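Thanks for coming. I will go through one structure today and keep to what can be computed from its atoms.

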Protein chains: 2
Amino acid sequence: MAPSTRARILDAALELIQQVGFTGTTVTAIEERSGLSPGSGSFYRHFRSKEDVFRAALERELERAQQYRREFERGTVEDPQAALARRFLQQLDYMAKIRPLINLLAREHGQFPDLTSRIGGILLDRGIVEEAGHLTHDLRAHVDHADPHALLTVVVSALSGYHLARQFFGHPPAEVTPERFAATLAALITSPRTADPHGTE
Amino acid sequence: MAPSTRARILDAALELIQQVGFTGTTVTAIEERSGLSPGSGSFYRHFRSKEDVFRAALERELERAQQYRREFERGTVEDPQAALARRFLQQLDYMAKIRPLINLLAREHGQFPDLTSRIGGILLDRGIVEEAGHLTHDLRAHVDHADPHALLTVVVSALSGYHLARQFFGHPPAEVTPERFAATLAALITSPRTADPHGTE
DNA sequence: GTCTATACCGAGATAGAC
DNA sequence: GTCTATCTCGGTATAGAC
């Protein structure tokens, strides 16, 4: 079925806000991109204001993000290192899917103070922290570390940093593919520590 | 000595652009923040246009960034793990100093296409890649790894991701301090690999 | 529910007095 | 080098016909 005008407006607004920001986006441009006559106020039959459509688009993306999380596979843990690498690739894929949210956060986190905590709540609390719980559980049997909390922070930071570099610059840092990146990170984590050399094998 | 009007305008413009973006920043607001009469065109005695002051502020920050890099200490390599951790803390400190550049990149990288490559050139080519060279050299004696290129990408991504999380959300991920983070990352790197267990000690 | 037309305001930029 | 005053344009939003 064809998307409703309201949905097309949401699409157009989200796209434009990512490209030129909230203040840079004009209602006229949103109308033009939605197939409405530019300059006519037809937009206002669907949303009360520009800020209104901005918040509606944000809420829709937050809904989608939570949906993506629910679709996450929870694979079996056979080879811990290979399983970890697959998990990391899933995380990168997830971040690619919520790209609009990350763009909004990067761009407008100063303008809308509630936006930061709203997105942060979904991304960190619901997303990463939950994932961190899984990782801690799965890894306990395979990884010894003096400071598991800090170890998880390193992992999460590495995944975020790699994704953001790709997103900002259009290509991965040092042209390292996601597969190489995930494998390297997984190998790093599952190696026994020198500080605690009574490894599991 | 008191800063010149031109310098005060540059300060005001940079500050405002980080807060509300380029299109969100008005010349009137810049004048007000610079101690000029808001609404008067006094701004235009110093810069030809809003875009002009934006580019001038950007160039000034790029200059400063290169200056910060020159001040980087090159410590002696005694204890490799401790030296690495110190190096990582320096990197985080550097990123904190160039915060305006990172903000500009995050915010306006869609609007000014040349900006991305310009900042990317300084940050990546001159900054991280150069640093990566040092790391590769210093670590060769202490770290064995099958894919040193990918290992460096992991390190750089972790540092970037940790910094950006702090910058966006106002506090470090999982409340892990920079010291803990750097120490954990350094320990991770300097441990011998299982895949190549003929370590150096 | 989309159009034409328009009111209103704020922002970028200029002219000219001091 | 800063001010007052002003021009012009573009953007938000509304009114009313179809």
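This is a predicted model: local features need pLDDT of at least 70, side-chain atom pairs count only at pLDDT 80 or more; totals for chains, interfaces and linings use all residues.

Residues are numbered from 1 along each chain as its sequence is written, chains are lettered from A and ligands numbered from 1 in the order in which they are written, and side-chain values use heavy atoms, with hydrogens and water left out.

First, the two chains. Chain A is superposed on chain B by a rotation of 180° with 0.0 Å of shift along the axis, at an RMSD of 0.1 Å. That is the relation of a two-fold axis. The superposition is by least squares on the C-alpha atoms of residues with pLDDT of at least 70 in both copies.

Now the interface. Contact here means heavy atoms within 4.5 Å. By that rule chain A contributes 44 residues and chain B contributes 43 residues. Of the interface residues of chain A, 98% are also interface residues in chain B, so the copies meet through the same surface. The buried area between chain A and chain B is about 3900 Å², and carbon and sulfur atoms give 67% of it. Buried area is the accessible area, with a 1.4 Å probe, that two parts lose on being put together, summed over both.

What about charges? A salt bridge is a side-chain nitrogen of Lys or Arg within 4 Å of a carboxyl oxygen of Asp or Glu. Three of them are found across the interface of chain A and chain B. A:Arg180 and B:Asp147 form a salt bridge through their side chains, at 2.8 Å from N to O. The interface of chain A and chain B also has eight residue pairs in polar contact, both residues at pLDDT 80 or more. A polar contact is a pair of N or O atoms within 3.5 Å; within protein, one must be able to donate a hydrogen and the other to accept it, and residues adjacent in sequence count only if both atoms are side-chain atoms.

Which elements of chain A each supply at least two residues of the side that touches chain B? They are α1 (5-24), α5 (99-108), α6 (113-139), α7 (148-169) and α8 (178-190). With twelve residues, α7(A) gives the most to that side. Helices are DSSP runs of H or I, at least four residues, numbered from the N terminus.

Next, the inside of chain A. An automatic or database domain assignment sets the bounds, and chain A is divided into domain 1 (1-63) and domain 2 (72-201). Their centres, taken over C-alpha atoms, are 33 Å apart. The contact between them takes 15 residues from domain 1 and 14 residues from domain 2. About 1300 Å² is buried between these two domains of chain A, 66% of it from carbon and sulfur atoms.

Between domain 1 and domain 2 of chain A the count is two salt bridges. A:Glu59 and A:Arg118 also meet in a salt bridge, at 2.6 Å from N to O. On the side of domain 1 that touches domain 2, α1 and α3 (50-70) of chain A give two or more residues, and α1(A) has the largest share, eight residues.

Last, the whole structure: a search finds 15 salt bridges over all chains. One pair is A:Arg60 with A:Asp11, whose closest N and O atoms are 2.8 Å apart. This pair links distant parts of the chain, with A:Arg60 in helix α3 and A:Asp11 in helix α1, 49 residues apart.
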